[in-house]
Amino acid sequence: MVTLIAGVGGTGLGGIIGALFRMESHRTISLLLSFAGGVMLAIVCFDLLIEAVNAAHTFGNYAIPLVVAAVVVGVGTVYGLNFIIDHKTRPQVAHVNTDEHPRTHDDIDELIHADHLAHHRKHHDPKPALFVAGVVMALAIALHNVPEGMTIGAAYAVQGNLLLGSGMVLAILIGLHNIPEGMAVSVPLISGGMKRSKAILMTALSGAPTILGAWVGYLLGDIGQFGLTASLGFASGAMLYIVFGEIIPQSVLMYRSKLPAFFVIIGVLLGLCIIYL
């Protein structure tokens with residue numbers, strides 16, 4: 001239920017915002033993302049990774065290499081999913097020269113694939129093309145919500161308290177992270193002719209795979225010390241990539257200022273207080 005609210009609720013709320021106000025870069029959303037990224041970073045570094053090392057202590061000298069390997073797999077998995085998404089979605093916009101299409105994300109629309117919508121509109125493409133752009137983004141978000149869910153599940157495998165602890169904090173923060181992604185999905189769907197209610201529903205459902213990820217993360221953490229180490233390490237790596245590869249770039253591109261950096265620091269400090277106070 002917690003993961004359902006974080007995954008479906010976060011993207012669904014973003015879908016509602018996108019349906020009502022259309023997608024814009026907002027300073028408030030940028031600073032919220034920065035703050036959320038800082039808290040996530042603190043939980044990973046001061047909680048999940050420490051728990052992973054503690055769980056791996058039975059493996060002696062192999063403890064740290066095992067944790068590092070799990071983190072690398074987590075980072076590689078999310079990066080690999082994003083690479084596949086970028087590679088597969090780039091040709092969806094047929095009039096974009098793939099050789100000249102930016103390899104790095106220097107715009108918020110480019111980062112979350114909303115550039116497809118912009119190109120379709122620029123070339124006055126028919127509504128079905130706009131609809132396809134929305135579907136592409138929905139599938140992309142659904143695909144990489146699985147490792148996000150694993151992070152929540154792994155945290156709950158260590159701390160069983162439903163309402164307190166890092167599991168609930170991560171669920172709330174991932175929900176915030178999903179809001180701009182939901183906005184990126186709903187706008188092209190509505191522009192493509194889908195009813196607002198259906199667009200919001202489809203956007204919300206793109207967050208459903210988070211639940212699957214939470215089950216996987218929790219079950220892995222419940223099968224013994226090796227499973228717990230692997231689950232916590234993988235979840236930590238996935239979250240590290242999400243923070244540094246998605247959340248912080250999104251926040252900076254939405255509001256180009258020094259403020260996002262300060263909000264990341266504030267988030268880290270608050271995360272430290274949440275864990276140890």
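Helix H2, residues 27-55, packs against helix H11, residues 259-276, at an angle of about 40 degrees, and their axes lie 7 Å apart. The model is a predicted one. Angles from 65 to 115 degrees count as roughly perpendicular and those under 35 degrees as roughly parallel; H2 and H11 are therefore oblique to each other. The crossing of H2 past H11 is right-handed. In the contact of H2 with H11, 19 residues are nonpolar, 5 are polar and 2 are charged.

H11 itself can be followed from end to end. Its 18 residues reach 26 Å from the first C-alpha to the last, close to the 26 Å expected at 1.5 Å a residue. Buried in H11 are Pro260, Val264, Gly267 and Gly271. Seen down the axis of H11, the buried residues fall within an arc of 60 degrees, so they line one face of the helix. An α-helix has 3.6 residues a turn, so residues three or four places apart point the same way. On the other side of H11, the exposed residues are Phe262, Leu269 and Tyr276.

A further position to look at is leucine 253, which has its place in helix H10, residues 225-254. Buried means under 20% relative accessible area, and leucine 253, at 13% relative accessibility, therefore counts as buried. Leucine 253 and serine 30 are 223 residues apart along the chain, and their C-alpha atoms are separated by 8.2 Å.

Note on methods: Residues numbered from 1 in each chain as written. Predicted model: local features only at pLDDT ≥ 70, side-chain atom pairs only at ≥ 80, totals over all residues. Heavy atoms only, no water. Axes fitted to C-alpha atoms, helices over the stretch in contact; angles between N-to-C directions. Helix = DSSP H or I, 4+ residues; strand = E, 2+ residues; numbered from the N terminus. Parallel < 35°, antiparallel > 145°, perpendicular 65-115°, else oblique. Left-handed = near helix turned anticlockwise from the far one by under 90°. Nonpolar A, V, L, I, M, F, W, Y, C, P; charged D, E, K, R; others polar. Expected span 1.5 Å × (residues − 1). Buried < 20%, exposed > 50% of the residue type's maximum accessible area, 1.4 Å probe, protein only. Arc of directions from axis to C-beta.
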